[in-house]
Amino acid sequence: MVRADEPRGASGPKGAPVPEAGGERSAAPGSAGAGPERPEAVGRNKKDRPWLMRTYAGHSTAEASNELYRRNLAKGQTGLSVAFDLPTQTGYDPDHVLARGEVGRVGVPVSHVGDMRRLFEGIPLEQMNTSMTINATAMWLLALYQVVAEEHGADVSKLQGTTQNDIVKEYLSRGTHVFPPVPSLRLTTDMIAYTVSHIPKWNPINICSYHLQEAGATPVQEIAYAMSTAVAVLDAVRDSGQVPPERMGDVVARISFFVNAGVRFVEEMCKMRAFTRIWDRVTRERYGIGNPKQRRFRYGVQVNSLGLTEAQPENNVQRIVLEMLAVTLSKDARARAVQLPAWNEALGLPRPWDQQWSLRIQQVLALESDLLEYDDIFAGSHVVEAKVSELVEASLAEMEHIEKLGGVMAAVESGYLKSQLVSSHAERRGRIESGEEKIVGVNCYESTEPNPLTADLDTAVQTVDPATEAKVVDAVRHWRKVRDSREGPPEASAAHALQQLKDAAATDVNLMEATLECARAGVTTGEWAGALREVFGEFRAPTGVSSAPVAVPSEEGSALADVRRRVEHTARELGVGRLRLLVGKPGLDGHSNGAEQIAVRARDAGFEVIYQGIRLTPEQISTAAVAEDVHCVGLSILSGSHAELVPDVLERLRGAGAHDVPVVVGGIIPSADAADLRAAGVAAVFTPKDFGITEIIGRIVNEIRTANKLDPLEVPA
């Protein structure tokens with residue numbers, strides 16, 4: 001994918017910059033991080049170096065992504081941020097049934113060390129700062145990266161970069177988790193212990209609150225949940241006995257964060273100062289870290305993609321700029337690495353030109369303005385200090401509550417954290433629909449001149465050639481065949497390496513060495529994850545839907561009350577107690593926020609909702625729809641796999657005799673694809689411009705009535 005979704009120097013290959021050591025930006029604990037900000041002397045200082053500039057990139061194949069990386073580096077990008085496709089993120093090979101339609105769509109497929117070689121061909125890893133957005137399979141991708149660096153002749157101890165590796169937020173918001181919480185935390189702990197000793201400049205975890213905000217988190221929830229995750233990780237490392245107590249400062253110094261910056265500029269800037277202050281306090285008081293440099297809050301940022309709109313998408317440019325300012329203007333809490341999304345992400349996959357525009361936004365601010373010449377311009381502000389103190393106090397209180405629940409892992413397993421996020425998101429959606437929260441071009445100032453940027457929507461975004469997936473599938477099968485046909489000692493085989501991995505997983509030994517041997521033996525991503533699935537099992541996270549409170553009022557005269565009456569009326573006409581709606585997420589797309597909000601609102605409108613969470617096959621969805629005798633199937637897909645998976649669901653429903661069950665689809669779906677889906681039999685297609693959830697539920701009722709040949713009812717305003 002070519003988005004800025006994750007997070008200086010001399011010259012590298014073909015003019016590519018060589019980043020300095022240190023990973024993400026370090027916000028100084030002595031300023032915003034440890035008590036009230038002190039006033040600074042007015043005037044210019046020696047100009048600071050710019051933050052690390054990245055774009056989140058990767059798609060189709062390793063070769064195509066390598067070409068994209070080289071082009072971006074030549075344009076002045078100062079670090080790499082690798083987007084992996086969903087099969088790679090969730091531990092499947094391209095030829096697995098769940099990978100169908102997902103290969104190379106939202107990132108690059110990396111199935112084995114050969115793919116990693118091609119991904120970084122001609123890029124000197126010893127000189128590069130590489131961020132990899134990878135979580136459940138983070139250990140595997142770091143092992144592949146290290147093996148390729150060794151093949152380059154690099155000094156592994158000099159490798160710089162970050163593996164996201166935050167599994168908690170996967171359970172809560174992103175949905176690429178694989179294993180249960182306890183073994184997942186073990187994998188993270190083993191990685192941290194290994195990198196501290198062998199790759200000391202690497203950030204083995206990038207605790208990620210970005211997706212928490214996208215899932216509805218308030219600033220307090222974003223801070224508290226991320227900090228509680230950090231506490232769980234540091235406690236696990238300390239208690240594992242793998243790191244001597246005197247080296248815990250080295251562990252703390254390599255913990256980085258990845259945050260979200262929304263459009264509420266003042267609040268977001270204060271949030272970062274609060275993050276910095278709390279981190280300094282936690283690391284000093286809980287872990288006894290005396291060195292202030294080790295206590296620095298080090299973070300990269302991706303500004304908010306959730307707030308980007310399909311309607312009047314040109315407005316996204318100013319949203320992106322405003323959000324960037326929140327994490328760059330405040331020197332005492334400035335991001336170390338910044339990624340900006342592209343203006344057209346709500347429409348589809350951005351093109352290289354769109355990425356370039358986002359990169360140039362950063363470069364103009366850093367190089368043309370005088371921002372980097374001054375001390376913190378907010379130090380001494382009583383308004384800022386009051387807001388920071390408010391956020392710190394509320395966040396610490398929520399962290400204490402999570403601690404009383406048994407810590408963040410227990411709060412995940414109980415469903416507490418997920419239900420809180422679903423509830424917060426529902427409240428936000430309610431404010432948007434009521435008009436209380438304004439979004440220009442969406443619920444106010446909707447009239448517009450024709451937009452030349454989107455005059456031809458089919459060329460306004462990048463598309464991935466559908467034939468790419470078949471080529472990648474053939475390639476991984478060929479890799480396995482050639483690998484297994486090679487002659488050599490049994491102990492060098494992939495089968496032997498996998499058995500060694502399973503044996504190690506059954507003990508408490510650090511799994512990094514066994515994983516490295518798998519990488520060297522040519523094991524594939526699916527084989528590595530499959531071996532650990534056999535030992536650890538899999539995990540389906542709580543959905544948070546059943547426990548989410550009502551967020552939109554349904555008093556007499558409200559839109560929801562009107563829809564509820566129509567739901568009840570239709571149920572009576574059909575002779576059933578309640579209408580039944582199945583909400584399904586086929587494929588590997590784990591962005592479940594939209595599906596959850598539809599499920600909650602449908603529940604509040606009187607539907608019986610069947611929602612089993614993420615990562616289902618078309619067969620599972622169609623089977624459940626028939627077994628539950630539902631009146632409508634709603635599919636949610638944001639990864640681009642709709643063209644393949646939705647027709648499969650339709651065909652299976654027809655094959656099971658459920659011809660009268662309407663299927664509706666929601667997601668980031670280009671207009672041409674939407675037309676194709678409707679031609680294939682989809683009753684309705686909803687995209688981000690359809691922000692009114694109550695209205696969507698009303699349209700679902702209409703489709704049920706049409707499918708059952710009932711007379712139309714009035715649609716609520």
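How many nonpolar, polar and charged residues does the lining of the second largest cavity have by class? It has six nonpolar, three polar and one charged. Here Ala, Val, Leu, Ile, Met, Phe, Trp, Tyr, Cys and Pro count as nonpolar, Asp, Glu, Lys and Arg as charged, and the others, Gly among them, as polar.

This is a predicted model: local features need pLDDT of at least 70, side-chain atom pairs count only at pLDDT 80 or more, and totals for chains, interfaces and linings use all residues. Residues are numbered from 1 along each chain as its sequence is written, and side-chain values use heavy atoms, with hydrogens and water left out.

Stay with the second largest cavity. About 40 Å³ of space lies in it. Its lining is made by N165, D166, I167, V168, L185, T188, I205, T229, V233 and M409. Helix 5 (167-174), helix 6 and helix 8 (219-240) are the elements that give two or more residues to this lining. Helices (H or I, at least four residues) are DSSP runs, numbered from the N terminus. A cavity is a set of points, on a 1 Å grid over the protein atoms alone, where a 1.4 Å probe fits but cannot get out; lining residues have an atom within 4 Å of a point. A volume is the space filled by probe spheres set on the points, which are joined across faces, edges and corners.

Next comes the largest cavity. Its volume is about 70 Å³. Its lining includes N135, A136, A138, M139 and N165. F179, S184 and L187 are also among the lining residues. Helix 4 and helix 6 (181-198) each supply at least two residues. Helix 6 gives the largest share, four residues. The lining holds seven nonpolar residues, four polar and no charged.

Now follow helix 4 itself. It covers residues 138-151, 14 residues in all. From first C-alpha to last it reaches 20 Å, close to the 20 Å expected at 1.5 Å a residue. That expected span is 1.5 Å times one less than the number of residues. Among the buried residues are A138, M139, W140 and Y145. G153 follows the helix, with a positive phi near 85 degrees.

The second largest pocket is an open space. A pocket is an open set of grid points with protein on both sides within 12 Å along at least five of seven lines. This one holds about 740 Å³ of space. It is lined by 25 residues, and V263, R264, R428, R431 and E437 are the closest to its centre. Helix 10 (265-285), helix 11 (315-326) and helix 15 (416-434) each give two or more residues to the lining. The lining divides into six nonpolar, nine polar and 10 charged residues.

Aromatic rings come next. The structure holds 15 aromatic pairs (rings of Phe, Tyr and Trp, its six-membered ring, with centres within 6.5 Å). F297 and Y299 form a tilted pair, 5.4 Å centre to centre and 35 degrees between the planes. Planes under 30 degrees apart count as stacked, over 60 as edge-to-face and the rest as tilted. Both F297 and Y299 are buried. Ring pairs link F257, F275, W279, F297 and Y299 into a cluster.

Elsewhere, R533 lies over the face of Y92, at 4.3 Å from the ring centre. E67 is found in helix 1 (residues 62-74).

Methods:
Buried < 20%, exposed > 50% of the residue type's maximum accessible area, 1.4 Å probe, protein only. Lys NZ or Arg CZ within 6 Å of the ring centre and 35° of its normal.
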